[in-house]
Structures are given as C-alpha cells and as structure tokens.
Amino acid sequence: MRILHFQLNGDDAEVAAPDHWTLLEVVRYRAGLTGSKQGCDKGDCGACTVHVDGRSVLSCLTLAADIDGRQVTTIEGLSNVDGLDVVQDCFDGAGALQCGFCQPGMMMAARQLVTENPEATREEIKEALASNLCRCTGYTKIYQAVEEACRRQRQCTTERAGGAP
Amino acid sequence: MNTFDLQKPTSIEGAAALLPTSSDSRQAVLLAGGQDLLGELKDGLVEPERVVNLKGVAGLDAMNWEADGSLTLGALVTLQSLAEEPRVLEEMAVLAEAAQQVGSPQIRSVGTVGGNLNQRPRCWYYRNADSVCLKKGGTHCFAQLGENKYNAILGGGPTYIVHPSDLAPALVALGASAVLVSPRGRRTVLLSEYYLLPADDGITRETIREPDEVLASVHVPVQRQGMRSTYIKFRERGSYDWALSSVALCLWMSDGMTTGARLVLGGVAPTPWRCESSELLLVGHAVDEQTIRRVVDEALRQAEPLSDNAYKVPLTKGLVTRALQTLAS
Ligand SMILES: Cc1cc2nc3c(=O)[nH]c(=O)nc-3n(C[C@@H](O)[C@@H](O)[C@H](O)COP(=O)(O)OP(=O)(O)OC[C@H]3O[C@@H](n4cnc5c(N)ncnc54)[C@H](O)[C@@H]3O)c2cc1C
Ligand code: FES
Ligand code: FES
C-alpha cells in the first residue's frame with residue numbers, strides 16, 4: 001500500500017492504493033468517479049481515457065503510483081462552473097451517442113485534439129480517436145461533433161485575438 | 001493483476017541491480033511506459049514479485065543531438081516526442097514515420113523507445129493466458145499448424161512469432177546501436193544483432209538482452225549525405241494496429257542511379273528482417289520496373305508461408321515497390 005498525492009479534477013487528492021493498482025482503479029474505486037469506464041481493461045478500447053498533465057492516456061494501462069504529484073482530469077472534471085465543455089456540448093448537439101459507454105473516453109481524447117489542433121481535418125480526427133472504439137454509432141456523428149467543437153474552438157480563439165469575424 | 005512490489009531506483013545501475021540474474025522473470029521485470037507490460041501482467045504472462053520502474057532515473061527521457069550530427073535517444077524518450085522532433089522529421093523520416101504509426105495518440109504519449117524495442121510478441125497463442133505454447137516453455141508452437149494469419153513467413157521455426165515493434169525495422173535500417181547496462185558493466189550492440197531468431201536460441205526470448213541488463217539508450221549514427229528514407233506500414237484495419245507487414249527503406253541516389261540502400265522488413269519475421277542481397281541489387285541501377293521486380297523477388301525469395309499467411313508475400317512485395325517508387329520519384 002502506498003499513499004498517493006495528486007491533483008484530481010483540480011482538487012488535491014490523497015489516496016491509498018496497492019502497488020499493482022491502476023489509475024483507472026484508483027479513480028473508480030477509491031475516488032468513486034465512475035465516469036471513466038473499465039471496458040477491456042487492457043488498452044484495446046479507450047473507454048478509460050483520462051488526461052494526465054493535459055494529455056490523453058489509457059488509465060487502465062497506467063500504474064497509479066506513476067501519477068503521484070501529477071494532474072489528472074477525468075470526464076467529471078471536463079465541465080466547469082460555466083457549464084459543459086465545448087466538446088461535451090457538441091457531442092450533445094450532434095447526438096453523437098447511443099449507449100454512451102464509449103463517450104467519456106471519446107470526449108477526453110477529442111478534447112486533447114481540439115486543444116492542440118483545432119484545424120484538424122476529418123482524417124486527423126479519425127487518427128486522434130483511433131484508440132477509442134464505439135460499438136453503436138458508426139462514428140459519423142462523433143466525427144461531426146468533433147468537427148463542430150474544432151470550429152467553435154477556432155471561433156473562440158479568433159474572438160479572443162480580436163480578429164476578423 | 002497479481003500483487004507485486006513496485007520499486008523506483010534513481011540510477012540505471014540501481015535498476016539493473018534489482019533485476020534477476022537468471023531468466024526467471026518471476027523475480028523482477030522492468031517497467032517503462034507500461035503500455036505492453038501492464039497487458040502482460042494482467043494476463044498473467046509474467047508474474048513477478050518486483051516491478052522495477054525506470055521512471056525514477058532522471059534524464060533517461062533525453063534526446064540528444066551530438067556534435068557530429070548523430071542522435072542519442074534515452075530509453076524513456078516517448079514515441080510522441082520522437083515523432084514530433086523536427087530534426088528527426090527532416091533528417092530521418094523513416095524513424096519519425098515509424099514512431100507516428102505506432103498504436104494511437106494515447107499509446108504514443110506514454111510508450112517509450114526502450115519499451116517499444118523490447119515489447120513481447122502479439123501472437124495470440126502467446127498472449128492467450130491458457131495456452132502453454134513453445135514460447136512459454138510448452139512443447140509446440142501452435143501457430144505452426146493452427147491459426148497463423150498474422151505469423152512469420154520468413155525466419156520462422158521452431159516458433160513463428162513476428163516481432164511487433166515498428167521502431168525496430170526503422171532503427172536497424174539507420175544502423176542504430178543500443179547501450180545495455182548490467183551489474184557487470186555496459187556493452188554496445190548493433191540493433192541488427194540485438195534480435196534473435198528462434199533457431200538461434202530465441203525461443204522464449206526475442207533479444208540477446210540478459211535478464212539483468214537494462215537498455216539505457218539507442219544511438220543513431222550520422223547518415224551519409226543525401227539519404228531519403230521512409231517507413232510504410234500496412235495494417236488490417238484503419239484504426240490502431242500492429243503491422244501485417246512493413247518496410248523501412250533508406251536510399252541514396254546520384255544521377256538517377258542508386259548508390260546505397262538499406263531495406264528492412266517488419267511484421268513478417270521474428271526479427272526485423274534486413275534484405276542485404278536485395279540492397280546489392282539496387283546499387284548501380286536506376287529504380288526502374290525491372291530493378292524493382294528483381295529486388296522484391298529477392299527480398300521474398302526465402303519466404304515459407306504457413307497455411308493462412310501466404311498473402312503476406314504479395315503484400316510485402318507491393319509495400320517494397322511502393323517504398324522504392326516513393327523515394328526514387
Ligand atoms: C492498443 C495498443 C496498440 C499498440 N500498437 C502498437 C503498434 O502499432 N506498433 C508498435 O510497435 N507497438 C504497439 N503497441 C505496443 C506498445 O506497448 C509499444 O509500442 C510501447 O512503445 C511500449 O513501450 P512502453 O514504454 O510502454 O513499454 P513497457 O510496457 O513498459 O515495456 C515493454 C517491455 O519492454 C521491457 N522494457 C521496457 N523498457 C526497457 C528497457 N529500457 N530495457 C530493457 N527492457 C525494457 C519491459 O520489461 C517489458 O517487457 C501497442 C500497444 C497497445 C496496448
Ligand atoms: S479499459 Fe482501458 S483501453 Fe479499454
Ligand atoms: S455509444 Fe455505445 S459504444 Fe459508443
């Protein structure tokens with residue numbers, strides 16, 4: 001057993017976990033945040049995707065001990081006081097879900113792309129979501145949602161820069 | 001996952017000292033990014049008492065361009081940082097393209113160079129927790145007579161895994177070497193000599209690495225002026241996957257003639273598969289249709305497909321053709 005100190009969705013967290021536990025287990029069974037899904041539990045499906053220091057990782061393939069001192073964001077931390085994150089809002093608007101199981105991981109992977117490359121093409125969106133399997137939607141609406149999120153992110157950047165509308 | 005004790009030494013020597021001296025992986029295994037190891041631990045393919053976490057070693061994630069233009073990659077350099085490094089993109093396209101095509105963004109953010117080169121095979125008989133195949137100390141390679149669509153067409157027997165690493169063919173094509181550190185000291189080996197065929201004592205392991213050796217860094221020498229290079233990977237599906245077949249090619253040309261070539265295949269053999277006799281057929285010739293045909297035929301001349309993987313022969317010939325045409329045009 002070891003005590004881990006890290007930031008979880010912006011708050012300080014202190015959690016005791018055995019050495020062989022993964023970040024996913026800590027998030028779900030210690031912190032009680034069940035948004036991140038335990039799909040395949042070995043890297044195949046992406047449903048467990050969370051951010052560590054701002055980058056998407058598969059929490060089922062991350063040992064909990066490795067997040068000591070780092071910043072973890074799960075789907076529960078994506079929205080803020082202003083409401084839903086743009087990615088969540090666009091997934092909602094596009095109807096990009098059916099059963100919803102893939103969605104938390106899908107949105108965390110999409111969030112990284114929207115932040116890093118709001119100019120992303122459809123091909124780049126597919127590549128960015130390659131790890132994230134969806135068994136229901138056939139992906140089209142998911143890609144549309146991410147395209148819309150990218151568009152709004154660009155708009156937001158232009159407005160902030162005071163550029164042309 | 002079974003329980004284990006996680007240790008985080010702060011030096012490579014300290015890590016090596018915690019590793020087993022015999023091939024008994026029940027004592028201890030190395031952890032880098034964990035993108036392969038955690039799968040193995042969860043499936044019980046390794047059941048160590050101790051996991052030795054390399055991430056406590058400061059500076060092991062450094063990428064250094066030396067004064068002579070060569071490149072040193074610490075074992076913990078991530079695939080993402082390698083794929084994005086401007087000078088790698090410009091001077092060693094084959095390596096950047098190989099790194100870009102590993103897995104998915106999540107895997108590349110965390111997966112490391114050392115872990116990529118030392119990852120274990122994906123053969124489903126090996127990965128299946130319930131099967132005790134030859135690779136796991138059993139008596140038979142089940143792939144030989146079983147479902148072998150993804151297995152080796154070159155260099156197989158008595159086991160038929162393919163080496164799954166995308167970086168390995170690219171680094172072999174670049175003539176890279178690895179530094180291995182153990183309690184006995186350090187040694188440098190060419191990556192082309194790092195991987196073992198099953199027939200050369202490579203049945204339960206894939207490399208010459210001793211159980212108490214840590215791969216500390218990889219060194220990529222300066223390339224002769226004018227190199228063009230590429231890595232072409234063919235996957236069964238559009239999303240992430242290991243290679244069904246891949247080609248790493250470095251080519252030097254002058255006045256329309258090839259003056260040098262290195263051709264290495266991935267996904268088709270238990271090791272990165274260097275095609276030296278094909279390279280010789282290129283030198284002194286233009287990359288025309290006739291030369292390409294001779295080169296691809298020679299590269300696959302020794303292929304001995306199993307029952308379900310003969311498709312890899314024309315597939316690989318097509319990939320080599322595409323790589324040659326891309327670089328020569
Ligand atoms: C969904 C998925 C898709 C993938 N797709 C691809 C792909 O397309 N191409 C590809 O090449 N790989 C692929 N991989 C494999 C992926 O695990 C590796 O690419 C990754 O680079 C491994 O690095 P790591 O640091 O996570 O290794 P780890 O999992 O930490 O280690 C892997 C192995 O190497 C050993 N090891 C690690 N570091 C060292 C060292 N410095 N010295 C000696 N031994 C060491 C470990 O003991 C372990 O046995 C995929 C994996 C997953 C889960
Ligand atoms: S639960 Fe982590 S990838 Fe499927
Ligand atoms: S909505 Fe059901 S798996 Fe994606």
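Me: How far is an oxygen atom of ligand 1 from a polar backbone atom of Leu37(B)?

Reply: In this predicted model, local features need pLDDT of at least 70, side-chain atom pairs count only at pLDDT 80 or more, totals for chains, interfaces and linings use all residues, and side-chain values use heavy atoms, leaving out hydrogens and water. Residues are numbered from 1 along each chain as its sequence is written, while chains are lettered from A and ligands numbered from 1 in the order in which they are written. A polar contact is a pair of N or O atoms within 3.5 Å; within protein, one must be able to donate a hydrogen and the other to accept it, and residues adjacent in sequence count only if both atoms are side-chain atoms. For Leu37(B) and the ligand oxygen, the separation is 2.6 Å.

Me: Which residue has a backbone N or O atom 2.8 Å from a nitrogen atom of ligand 1?

Reply: Gly33(B) has a backbone N or O atom 2.7 Å from a ligand oxygen. The backbone atom facing a ligand nitrogen at 2.8 Å belongs to Leu215(B).

Me: What percentage of the area of ligand 1 does the protein bury?

Reply: Accessible areas follow the Shrake-Rupley method with a 1.4 Å probe; for residues, only the protein chains shown count as cover. Ligand 1 taken alone exposes 980 Å², and the buried part of this is 98%.

Me: Residues from which chains surround ligand 1?

Reply: The shell holds 34 residues, and those that come nearest are Leu30(B), Gly33(B), Gly34(B), Leu37(B) and Thr112(B); a residue is near if one of its heavy atoms lies within 4 Å. The site is shared between chains, because the surrounding residues come from chains A and B.

Me: Which element gives the most to the shell around ligand 1?

Reply: Helices (H or I, at least four residues) and strands (E, at least two) are DSSP runs, numbered from the N terminus. In chain B, strand E2 (28-31), helix H7 (113-118) and strand E8 (214-220) each supply at least two shell residues. With four residues, the leading contributor is H7(B).

Me: How are H12(B) and H13(B) oriented to each other?

Reply: Axes are lines fitted to C-alpha atoms, for helices over the stretch in contact, and angles run from 0 to 180 degrees between N-to-C directions. H12(B) (residues 289-299) and H13(B) (residues 312-328) pack at about 140°, with axes 9 Å apart. Angles under 35 degrees count as roughly parallel, over 145 as roughly antiparallel, 65 to 115 as roughly perpendicular and the rest as oblique. The two helices are therefore oblique.

Me: In which loop of chain A is Asn9(A) found?

Reply: Asn9(A) is not a glycine, yet its phi is positive, about 50°. Its loop lies between strand E1 (2-8) and strand E2 (11-17) of chain A.
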